[in-house]
Amino acid sequence: MRALITGISGFIGGHLYASAPPGGEIWGTYLNADPGPDAARALRLDLRDAFALEAAVAGLRPDLIIHAAAWSRVAFCEAHPAAAREVNTGVTATLAQICRRRRLRLIFLSSDMVFDGEKGHFGETDEPRPLNLYGRTKLAAERFVAELRELGVIVRLNLVYGPPRYGGSSFSEEVIRTVRAGRPYSLFADQRRSFLSVQNLAACLWEIARGDFSGLIHLGGSEPADRVVFARKLAQRMGLDPTLLIPSSTSAASPAVRYPRDNTFNLALARRILKTPLLNLDDGLALEYP
Ligand SMILES: NC(=O)c1ccc[n+]([C@@H]2O[C@H](COP(=O)([O-])OP(=O)(O)OC[C@H]3O[C@@H](n4cnc5c(N)ncnc54)[C@H](OP(=O)(O)O)[C@@H]3O)[C@@H](O)[C@H]2O)c1
């Protein structure tokens, strides 16, 4: 397998790169955060530069691109809509064009944020209705990948947790860092998610990469929970002071940005087509924080 992963200096891209199956030639891109000597095949590339991107693909000749780079912070996107559209939607559109021309497979990492959180247990056939700009940029990007038909894979991820590999961060790391510093962490108590371990996710993504699936698939952990339940389990595992975990409502803690309430996933398709099991919270946390 010759694969190119965008965004290996980020949280998920880093884990994906580090867990690549043996025998392939896997390259990764970064922009500001050099992943260091552990990532031997890393390329500095601003993905907004379409000519540089095209040249990199022409030079590396991958047969698969896994697109993990993005502006991934919901609040950042809301505050910087043009930058978010340019990277999240524009870069994905360029990559889709390159993949169509060169007949390459493109696996695009999208998000549960394309849903409005009203009904929960969202399946692949449920109608997206994003509440925030980040969700809208991801949904717009999905449409370019869907046009690739048998060459396109859209993987919608639920909230991913675990320690970073080369860079980036996660919800679980923010909780650990804040509480270890003796500061309170305010948790959106009214948000339910299908929390997914990053190593479990990486295994699923490599299984998808090795197979011939195309189209849309949801990935999440097998045990839906709200953020308070998740953070308390994490605190117990890591020996953190649980009294520093402060439940709050989303509207009170984040008046400027709308977040979906229940964006848990229906995982029937993933369970049917993947051999990799989707982990519950205890098993996922044990894998990430042994
Ligand atoms: N983390 C989650 O819980 C979650 C949930 C659902 C979906 N997702 C999606 O999964 C993907 C990966 O998320 P993540 O948490 O790993 O994100 P992340 O840690 O924020 O990493 C983002 C990556 O994108 C790169 N990047 C941003 N702009 C770039 C540009 N113009 N040119 C080149 N590289 C650029 C960054 O490079 P530098 O840092 O080197 O600048 C970094 O490697 C994203 O598409 C995100 O939307 C994540």
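A: Helix α1 passes α7 in a right-handed crossing, meaning that the near helix is turned clockwise from the far one by less than a right angle. Helices here are DSSP runs of H or I with at least four residues, strands are runs of E with at least two, and both are numbered from the N terminus. This is a predicted model, in which local features need pLDDT of at least 70 and side-chain atom pairs count only at pLDDT 80 or more, while totals for chains, interfaces and linings use all residues. Residues are numbered from 1 along each chain as its sequence is written.

The axes of α1 and α7 (residues 198-210) come within 9 Å and cross at roughly 60 degrees; these axes are lines fitted to C-alpha atoms over the stretch in contact, with angles running from 0 to 180 degrees between N-to-C directions. That makes α1 oblique to α7 (under 35 degrees counts as roughly parallel, over 145 as roughly antiparallel, 65 to 115 as roughly perpendicular and the rest as oblique). On the α1 side, the contact is made by Phe 11, Ile 12, His 15 and Leu 16, and they meet Val 198, Gln 199, Leu 201, Ala 202 and Leu 205 of α7. Contact here means C-beta atoms, placed from the backbone, within 7 Å. By class, this contact has seven nonpolar, two polar and no charged residues; Ala, Val, Leu, Ile, Met, Phe, Trp, Tyr, Cys and Pro count as nonpolar, Asp, Glu, Lys and Arg as charged, and the others, Gly among them, as polar.

Helix α1 has a part in the ligand site too. It gives the most to the shell around the ligand, with three residues, and α1 (11-18), β2 (25-30) and β5 (105-111) each supply at least two. In total, 28 residues surround the ligand, and the closest are Gly 7, Gly 10, Ala 69, Ala 70 and Gly 168; the cut-off is a C-beta atom, placed from the backbone, within 6 Å. The shell divides into 15 nonpolar, eleven polar and two charged residues.

As for the whole, the protein has eleven helices and 13 strands, and its C-alpha trace spans about 55 × 40 × 40 Å along its principal axes.

Note on methods: Two residues are in contact if their C-beta atoms, placed from the backbone, lie within 7 Å.
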